[in-house]
Amino acid sequence: MWARRLGRLGFAHGTTGLGHVLRRAGEALGHGDAAALADELVATEESRVAERGGLPGWRSSPRSVPERSWCWGAAGYAASRTSGVFEGHPGRSNAHLRAAVDVIGVAERDRVHLCCGEAGQLVVLDAVASCLGDERARLAADRLAGALAADALSGERWSFFESCSFDAPSLFWGRAGVLWALCRITRPDVVPNLLVVE
């Protein structure tokens, strides 16, 4: 019942991650109530996405653009739905996943880190491409991987936060996460998907 009050999509700051973890916990522990609550969260999210016209992750901003990030936007939604936790789930909508690709796969580059930036979006685009065989997701992932790799090879300074000089080796907000994302799409059989608690 309380799940209906939780409104934000996203893996770290929204109902998406909560539903994902409850589903995994319910399966691992044989806890039916956790799985049922996860199903309720998924159903609530899917209905909200449908009400928004299939574009998950809107945020308020001066430009009123969809939020692309893993932590509280369309990439987090797509990461959860392609992880296998909700494979075959009646609430999962491939149409909504393809709409998420429209949000995540835009050509504009702004911040590169794993948490809210392009590294996380890269991993999710690759997951959608593999899960659905979606050619647009594959092209967007290849374009973004190429841009990030070219930056790394050229010594181009990455932008981690807009109008901020922050630059660190950390996983979620720094260089390690970008390099992990490039390794993940190169060797998904070896490098785990940290974004979905694999």
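Predicted model: local features only at pLDDT ≥ 70, side-chain atom pairs only at ≥ 80, totals over all residues.
The protein has 198 residues, and 49% of them count as buried. It contains seven helices and zero strands. Along the sequence the pattern is α-α-α-α-α-α-α. Among contacts with a separation of 6 or more, 60% join residues 24 or more positions apart.

Confidence was examined next. The mean pLDDT is 82. A value of 70 or more is reached by 86% of the residues. Residues 1–5 have a pLDDT below 50. In the model, this stretch still has nine contacts beyond near neighbours in sequence.

The description of packing begins with helices α1 and α2. Helix α1 spans residues 15–29, and helix α2 spans residues 32–51. Their axes come within 8 Å. The crossing angle is roughly 150°. Angles over 145 degrees count as roughly antiparallel, and α1 and α2 are therefore roughly antiparallel to each other. Their crossing is left-handed. On the α1 side, the contact is made by T15, T16, L18, G19, L22, R23 and G26. These residues meet A34, A35, L37, A38, D39, L41 and E45 of α2. By class, the contact of α1 with α2 has seven nonpolar, four polar and three charged residues.

R48 also belongs to helix α2. Its relative accessible area is 22%. Buried means under 20% and exposed means over 50%, so R48 is classed as partly exposed. R48 and L9 are 39 residues apart in sequence. In space, their C-alpha atoms are 9.3 Å apart.

Helix α3 covers residues 74–81 and is mostly covered. Eight of its eight residues are buried. They are A74, A75, G76, Y77, A78, A79, S80 and R81. The list thus includes the charged residue R81.

The packing of α3 on α4 was examined in detail. The two helices pack at an angle of about 140°. Their axes are 9 Å apart. The crossing of α3 and α4 is left-handed. From α3, the residues in contact are A74, A75, Y77, A78 and R81. Their partners in α4 are H96, L97, A100, V103 and I104. By class, the contact of α3 with α4 has eight nonpolar, one polar and one charged residues.

Helix α4 (residues 94–104) also packs with helix α5 (residues 118–132). The angle is about 145°, and the axes are 11 Å apart. This crossing, of α4 and α5, is left-handed. Helix α4 contributes N94, L97, R98, V101 and I104 to the contact. Helix α5 contributes Q121, V124, L125, V128 and L132. By class, the contact of α4 with α5 has seven nonpolar, two polar and one charged residues.

Key
Residues numbered from 1 in each chain as written. Heavy atoms only, no water. Axes fitted to C-alpha atoms, helices over the stretch in contact; angles between N-to-C directions. Helix = DSSP H or I, 4+ residues; strand = E, 2+ residues; numbered from the N terminus. Left-handed = near helix turned anticlockwise from the far one by under 90°. Contact = heavy atoms within 4.5 Å. pLDDT = per-residue confidence, 0-100. Parallel < 35°, antiparallel > 145°, perpendicular 65-115°, else oblique. Buried < 20%, exposed > 50% of the residue type's maximum accessible area, 1.4 Å probe, protein only.
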